[in-house]
Amino acid sequence: MFHRESGVFKTTYGADMALYPLPIAKWTIIALGVIFVGIVPFTVHEYYLSILNLIFIAIVGALGLNILVGYTGQISIGHGAFMSVGAYTAANLAVKLDLPFWLTLPAGGLMAALIGVVVGMPSLRIKGLYLAIATLAGQLIIEWTINRVPAISGGAQASIEVGRPSLLGFSFDTQGRLYFFLLFFAVLAIVATLNLVRSRIGRAFVAVRDQDIAAEIIGINIYRYKLLAFAISSFYAGVCGVLYTYYFGIANYEQFQLIVSIDYLAMIIIGGLGSVLGSILGAVFVTLLPIVIRILMENVGSLFFTAAEMANVISGLRLGVFGGLIIFFLIVEPEGLNRLWRNIRSYFRVWPFSY
Amino acid sequence: MAATSARRIAAQQGDSQLVVEGVSKRFGGVVAVQDVSLEVPRGAIVSIIGPNGAGKTSLLNMISGFYKPDNGRVVLEGTDITQKKPSDIAALGIARTFQNIALFSGLTVLDNLMLGRHVRMKSGVIGSVIYWGMAQKEDIAHREACEEIIEFLKLQDLRKQPTAALAYGLRKRVELGRALALEPRVLLLDEPMGGMNQDEKEDMARYILDVNQERGVTVVLIEHDMGVVMDISDRVVVLDRGRRISAGTPDEVQRDPVVIQAYLGTGKGGERT
């Protein structure tokens, strides 16, 4: 309803190329800023803050995967493993060398980027399903390696405990404090991605996705850009893994198994491939869905089942409903939540004077 | 045309910008191109004609680096580009369009043109992520160059349209625009008028002449419409079954009995097939 171009005239190319070229953008950002910085962290219960924190982390990972899959058109089923690379890199550096988060975080990202490029090498020769299987192999190899090499995984349980991140003596040790920590990185990731995809590099990614032969003919080295997409995407995944580690206070390979890779693919497919807003919506959706289903099950289910039966019923039904809802959403709008949002927006664009 | 005759003189003086020396290409047992040479004078419009399967597109593919010739070499302004990658050849100033339009269908007309300027831009990953500052300044500067092309090709009202939604003739025009955005020194056009109606063909012929005369871009053209070819070309090269069977000015080629027999047929009124 607020998205209206009518009466907005741009006089410079800069204004026309702004991230959100309508004047309402300023107010949208201020409103979101007030809500997420000024209101939410001080009024919402700690439990819900912890859920929001999970969403922030998921946003970082989903954005990264969408750069690779949505924008560059290369598939990866290895992103869970890239997260674990970041997580274990950061955990080792934090524990063994006692480094602060502002060093372990980029270090985890860079290590994941390095591994990501290696796993992405097959993309130079193969596409589609074949690439999916190649990255799946990458996922399994990384999982196995971390699990079996004590120097990385820190012993029998393959898990390393880390302390809460702290900055200048201020420790982010509660959910309320972690909220600000994670919100910062989620916003940073969103802005960085928005800029990336509208710039020279982002356009080249889309060119590789849409027409790789034509991309080459206009001077884009497609091999370099495919690997670059893997590097950037894995960097996000690595950072996401580090954030998980600080959030849970532990790096554990079980948090980053194949199912996590699939979850993140689900996020960007449900949210919308090749869309920043879609990555965010998908991250929110996939993170919230199991939680909402569980709460519903607990409330509604208690009418039909005894407490003892509940545990079984919930765990089974949750997976079923989760899968069913994903299928439902994909049938209703195959292009994802982002498209749904745009349809609503364009309906209200000329409302109430359609036609 | 006065300008044409001036270029013809330059052509006769042997100032060749692009030289193809005896290239051959085999695919298994099929000889696509055999020992073909081509000299493209600076500022000329050179047309390559020939029946289907004569090896015209294969020849372009060797110039733009998609195929590596089995023999022979390709030289641009004294630099041997035979073994270079297509993206490096583009950076040296050879742009091209495709027989089957190859636009980036998910992007707008403007973004397609901006992509055409990829090799002229420098922003790296860090600059792009930060954006405000260097990358933005660069984007705006290059946007101006793209707007100039949009104006030249009269695409103003389409700049924010996704190219997938455009009509066929317009997509051909956008593809020409994307090639021009590269600021090419040599422009390779593979059937720019294929599938167009007469009006669209005339528009496209006018654009090609303007590109050549106003922007000083050398043009190598594959085209089946003999009327257009004979009108706008300075030189015509005729291929048949992978071999060069004739070359010269349009008049010379039209009179060449070998051409008439192999390409235009032996019947009367053979100027058009």
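Visitor: What distance separates the centres of domain 1 and domain 2 of chain B?
Guide: In this predicted model, the centres of domain 1 of chain B and domain 2 of chain B are 27 Å apart, taken over C-alpha atoms.

Visitor: And where do those domains run in chain B?
Guide: Domain 1 of chain B is given as 1-93 + 184-273, and domain 2 of chain B as 108-183.

Visitor: How many residues does each of them put into the contact?
Guide: Eleven residues come from domain 1 of chain B and ten residues from domain 2 of chain B.

Visitor: Which elements on the domain 1 side give two or more residues?
Guide: Helix 3 and helix 8 (198-214) of chain B. Helix 8 of chain B gives the most to that side, with four residues.

Visitor: How do the residues of that side divide into nonpolar, polar and charged?
Guide: Domain 1 of chain B brings nine nonpolar residues, one polar and one charged to the side that touches domain 2 of chain B.

Visitor: OK, switching to the two chains. How many residues does the contact take from chain A and chain B?
Guide: 26 residues from chain A and 32 residues from chain B.

Visitor: Which elements of chain B give two or more residues there?
Guide: Helix 3 (86-91), helix 4 (109-116), helix 5 (125-130) and helix 6 (134-152) of chain B. Helix 6 of chain B has the largest share, five residues.

How values were computed. Residues numbered from 1 in each chain as written. Chains lettered and ligands numbered in written order. Predicted model: local features only at pLDDT ≥ 70, side-chain atom pairs only at ≥ 80, totals over all residues. Contact = placed C-beta atoms within 7 Å. Domains from an automatic or database assignment. Nonpolar A, V, L, I, M, F, W, Y, C, P; charged D, E, K, R; others polar.
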